[in-house]
Amino acid sequence: MQRSMRKSRPLLALVLLWACGTEAPPDVPFVPDYPTWDEHIRPFLAEHCVLCHGERPRNGAPSEFRLDVYDDVGAQQGARSMAPKIAEVLERGKMPPDGVGVGPNARAMFRRWAELGAPRSPCTPSCEGRECGDDGCKGS
Ligand code: HEC
């Protein structure tokens, strides 16, 4: 019983994705205060963009960048370098190219990520050896 339920979950997820995809654009439930590559950006890109913008660009996607990696790889720009461009393209509703774009929270999330300098991991305040001042995480 347990086993068959677990098995049916991916199918259910697919059906839900399909059902949502035909109506609402992909979105995130809320805009994170501090979006990071590891927690928010990578999963979203992996689900909605890497089909075309992976290691090997597909469906006519440009080859100068890829969105499955954070850092640049050789001459190909990674997501970090592309952050401002991604934010812009999403705000214009240009991607994904099927015409619906992404939802408002996702747009705001990518804009904030770009403005923060495309952070990779959740920020850990670094106060070691300091008495006061900037903790490196926009706090003190
Ligand atoms: C079905 C394939 C496909 C998917 C899915 C897709 N893209 Fe694209 N993308 C393209 C193609 C083709 C181009 C080049 C043509 C163009 O600019 O319209 C492109 C261009 C881009 C560019 C460069 C635009 C420019 O003006 O230089 C960015 C940035 C981008 N995509 C980001 C994304 C993001 C972020 C997602 C996911 C939310 C995404 N794409 C999903 C196919 C795709």
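Alanine 79 is buried, at 0% relative accessibility (buried is under 20% relative accessible area, exposed over 50%, partly exposed in between, with a 1.4 Å probe and protein chains only). The model is predicted: local features need pLDDT of at least 70, side-chain atom pairs count only at pLDDT 80 or more, and totals for chains, interfaces and linings use all residues. Residues are numbered from 1 along each chain as its sequence is written, and side-chain values use heavy atoms, with hydrogens and water left out.

- Alanine 79 belongs to helix 3 (helices are DSSP runs of H or I with at least four residues, strands are runs of E with at least two, and both are numbered from the N terminus).
- Leaving aside neighbours within four places in sequence, alanine 79 is in contact with Trp37, Leu45, Arg66, Leu67, Val69, Tyr70, Ile86 and Trp113 (contact means heavy atoms within 4.5 Å).
- From C-alpha to C-alpha, alanine 79 lies 8.9 Å from isoleucine 41, and the two are 38 residues apart in sequence.
- Helix 2 spans residues 37-48, and Trp37, Ile41, Phe44 and Leu45 are buried in it.
- Down the axis of helix 2, its buried residues fall within an arc of 120°, so they line one face of the helix (the arc is that of the directions from the helix axis to the C-beta atoms).
- The cover over the buried residues of helix 2 includes helix 3 (79-91) and helix 4 (104-115).

**Iron site**

- His53 (NE2) and Met95 (SD) coordinate the iron atom of the ligand at 1.9 to 2.2 Å (donors are N, O and S atoms within 2.8 Å of the metal, or 3.2 Å for Na, K and Ca; water is not among the atoms, so sites may look incomplete).
- Histidine 53 sits in the loop between helix 2 and helix 3 and methionine 95 in the loop between helix 3 and helix 4, so the pair ties together parts that are 42 residues apart in sequence.
- The site of the iron atom has 6 donor atoms with angles of 86 to 178° among them, and is octahedral (six donors count as octahedral if opposite donors are over 155 degrees apart and all others between 65 and 115).
- Histidine 53 is buried, with a relative accessible area of 10%, whereas methionine 95 is partly exposed, at 26%.

**Ligand shell**

- The ligand is surrounded by 20 residues, and the closest are Cys49, Cys52, His53, Lys94 and Met95 (a residue is near a molecule or strand if one of its heavy atoms lies within 4 Å of it).
- Helix 2 and helix 3 are the elements that give two or more residues to this shell, and helix 3 gives the most, with 5 residues.
- A polar side-chain atom of histidine 53 is 2.7 Å from a nitrogen atom of the ligand.
- An N or O atom in the side chain of lysine 94 is 3.2 Å from an oxygen atom of the ligand.

**Backbone features and loops**

- Methionine 95 and proline 96 are joined by a cis peptide bond, with omega about -15°; proline 96 is in the loop between helix 3 and helix 4.
- Asparagine 59, in the loop between helix 2 and helix 3, has a positive phi near 55° in a residue other than glycine, and is exposed at 65% relative accessibility.
- Alanine 118, in the segment after helix 4, has a positive phi of about 55° although it is not a glycine, and is buried, with a relative accessible area of 2%.
- Glutamine 76, in the loop between helix 2 and helix 3, is buried, with a relative accessible area of 16%.
- Not counting residues up to four places away in sequence, glutamine 76 touches Glu55, Ser63, Glu64, Phe65 and Arg66.

Note on methods. Four donors count as tetrahedral if all angles lie between 85 and 135 degrees; four count as square planar and six as octahedral if opposite donors are over 155 degrees apart and all others between 65 and 115; anything else is irregular. A polar contact is a pair of N or O atoms within 3.5 Å; within protein, one must be able to donate a hydrogen and the other to accept it, and residues adjacent in sequence count only if both atoms are side-chain atoms.
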